[in-house]
Amino acid sequence: MGYFIQWFRLTLVRLCQQRWLLAGLALLCFLLPLAGGRTAGDLLSQGVDFNGVTLAVTAPEGDNVPQLLEQFIGDMEDIAQYCKIAAMDQEEAMSALERGEVTAVLVLPPDFIHGVMWGDNPDLRLVVSGDRPLESLLLLWVGQSACDILSAFQSGVYAVLELYEQAPPPGLTRDQVVFDINLRYIALAMDRNSLFQTQTVSATQALPIPLHYALSLTAYFSLAAAPLFVPIYSGDWLCVQRRLRSAGRGVWAGYFSGVAAGVPALLLLSLPTLLLEGEGSPLAAAGSCLIMALFCSVFCSLCCLVSENAASCGVIAFTVAVLSLALAGGIVPPVLLPASVRRLSWLSPVTWLRQLAAGPMGYPVDWSSWVCLGLSAAGMAALALALYRRRVDRQEVAL
């Protein structure tokens, strides 16, 4: 143990020779996660500026369906928030589309309402502008949703008519049944808000948006800091290890002293952010940060030992850190990631470290995060120790 402590002191002194680099990195890792978290919170909370779309509706001459649609849809608050209906004749609507005054033109066939009521479902034609793809996609989605609702309603109409034909009530004609059931479904469509439940989903799910991004960036910087530790895993520092190995000393003290010396440096990079963002016990936050620093120090040692110089070490650490950040929803918010990517987010080290950091603040920590942290840290330490021994054995003593 005395031998290990002595090596730890010497390694820490060698690492502290980069004190100005450490100070700069500490300031960077303190300011960027806080600023990034607050910026992401503002952006995702405010949403985006969207002025809506204008849909021109046309029909054959003498058909008043466009005017009815303009009147009734204009009274639907949920649709009116993003879509405005304007009744026009076809020539006027096409001219307005070319001038950019309307987003699209919906051309209705003759006797459209009668065809819908009787299940003929006449084809519609939607003319969109090629230079406004986002609005066109929105109209496509709205049209598909309307078709789904119409199909469900027509299934209900057919079911009622089938029951009527099995046992027609006295004094009730089929035309009256068709008219009444269509009116009932039209009323349901007008009052469709009562059919749905509104659920607010946070963009970052479990954590508040600023905290989610602050902790994710803190974990990212801790993983990407591997080039800082290259001097204690390469060069003449290993020549001394080889001489001591010839004298019967093992390499475990040299390797684990490097890992231990990296922990205070990584604490300096991450602990201020956790203390400022956290609402729980500072002692518990420091304990979580200590485990994070130990894991990241093992990861950084592996990056240093699998690479030949600081440049390649930086490339490896940066690549792994960025991929982990993206997989954990630290770039694009988790709710916007594809479902297949969200199912794999538990494999990201950023996810484990973020949950571990948020634990003292009262947020849940999945058992999978603890298991993944322990197993991956043990595996990386075993591999890094083997690489460290190999690198020490091949070092040449400088004369």
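Biologist: Is Ser222 buried or exposed?
Modeller: In this predicted model, local features need pLDDT of at least 70, side-chain atom pairs count only at pLDDT 80 or more, and totals for chains, interfaces and linings use all residues. Residues are numbered from 1 along each chain as its sequence is written, and side-chain values use heavy atoms, leaving out hydrogens and water. Buried means under 20% relative accessible area, exposed over 50% and partly exposed in between, with a 1.4 Å probe and protein chains only. Ser222 has a relative accessible area of 4%, so Ser222 is buried.

Biologist: Which residues does Ser222 touch, not counting residues up to four places away in sequence?
Modeller: Contact means heavy atoms within 4.5 Å. Ser222 is found in helix α9, residues 209-224. With residues up to four places away in sequence not counted, Ser222 touches Leu266, Ser270, Cys296 and Cys300.

Biologist: How are α11 and α12 oriented to each other?
Modeller: Helix α11 (residues 252-277) and helix α12 (residues 282-306) pack at an angle of about 130°, with axes 7 Å apart. Angles under 35 degrees count as roughly parallel, over 145 as roughly antiparallel, 65 to 115 as roughly perpendicular and the rest as oblique. Therefore α11 and α12 are oblique.

Biologist: Is Val365 buried, exposed or partly exposed?
Modeller: Val365 lies in the loop between α15 (349-358) and α16 (367-394). Among the residues that Val365 touches, not counting those up to four places away in sequence, is Trp370. At 26% relative accessibility, Val365 counts as partly exposed.

Technical notes. Axes are lines fitted to C-alpha atoms, for helices over the stretch in contact, and angles run from 0 to 180 degrees between N-to-C directions. Helices (H or I, at least four residues) and strands (E, at least two) are DSSP runs, numbered from the N terminus.
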